[in-house]
Structures are given as C-alpha cells and as structure tokens.
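Hi there,

Here is the structure I promised to pass on. Have a look at it first, and my notes follow below.

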Amino acid sequence: MPRQRRSFSPEFKHEAASLVVNQGYSVSEASRSLGVGANDVRRWVRQLGEERRGTTPKSRALTAE
C-alpha cells in the first residue's frame, strides 16, 4: 500500500525555514524537531533565500510579498 503524500502550508514551511535562517538551527535539528525530512527543510530554506533576494518562486510562495 503506497504512503500518502504529506502536504504542508506555506506558513509551516516559512516557520521551518526561519528556524534555520533566523534562529540558528541546523537543518537536521529543525527537521528532527518538526518531524519532517531534512531535504524538505533544505528546499524551504533555499526557497526562502530566493524569495528574500526577490526571485519569483516556481512553486507557491512562502512569504506574503
């Protein structure tokens, strides 16, 4: 039986990325504390950085701007 794919809100993704970018967590610490994969957190951190530099995301934006 295949596993069901989890989905996360943009707010959750932003908070997860903020743990790494703003609060000094490592990617592994943030992923472990939130119960998500490290690759997911890495992707969200990269996306948050791109959005802060003004790049339009290919997927749904993490920030309101």
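**What I found**

Phe8, Phe12 and Trp44 come together as one aromatic cluster. Please keep in mind as you read that this is a predicted model.

Let me start with the rings. The count of aromatic pairs comes to 3. One of them is Phe8 with Phe12, a stacked pair with 5.1 Å centre to centre and 15 degrees between the planes. Phe8 also pairs with Trp44, and here the arrangement is edge-to-face, at 5.4 Å centre to centre and 70 degrees between the planes. Where do Phe8 and Trp44 sit in the sequence? Phe8 belongs to the segment before helix 1 (10-21), while Trp44 is in helix 3 (residues 38-52), so their pairing ties together parts that are 36 residues apart in sequence.

Phe8, at 22%, is partly exposed, and so is Phe12, with a relative accessible area of 26%.

Trp44 leads on to the next topic, as this residue is also part of the largest nonpolar core. Which residues make up that core? There are 10 residues in all: Ala16, Ala17, Leu19, Val20, Val27, Ala30, Val36, Val41, Trp44 and Leu48. At least two residues of the core come from each of helix 1, helix 2 (27-34) and helix 3. The most is given by helix 1, which supplies 4 residues. As general background, nonpolar side chains in soluble globular proteins tend to be buried together.

Finally, the helix packing. Helix 1 and helix 2 pack with their axes 8 Å apart, at an angle of about 140 degrees. On the helix 1 side, the contact is made by Phe12, Ala16, Leu19 and Val20; on the helix 2 side, by Val27, Ala30, Ser33 and Leu34. Phe12 therefore takes part in this contact as well as in the aromatic cluster, and is partly exposed at 26%.

Best wishes

How values were computed
Residues are numbered from 1 along each chain as its sequence is written. This is a predicted model: local features need pLDDT of at least 70, side-chain atom pairs count only at pLDDT 80 or more; totals for chains, interfaces and linings use all residues. Side-chain values use heavy atoms; hydrogens and water are left out. Rings of Phe, Tyr and Trp (its six-membered ring) pair if their centres lie within 6.5 Å; planes under 30 degrees apart count as stacked, over 60 as edge-to-face and the rest as tilted. Buried means under 20% relative accessible area, exposed over 50%, partly exposed in between (1.4 Å probe, protein chains only). A nonpolar core is a set of buried Ala, Val, Leu, Ile, Met, Phe, Trp, Tyr and Cys residues joined through side-chain atoms within 4.5 Å. Axes are lines fitted to C-alpha atoms, for helices over the stretch in contact, and angles run from 0 to 180 degrees between N-to-C directions. Contact means heavy atoms within 4.5 Å.
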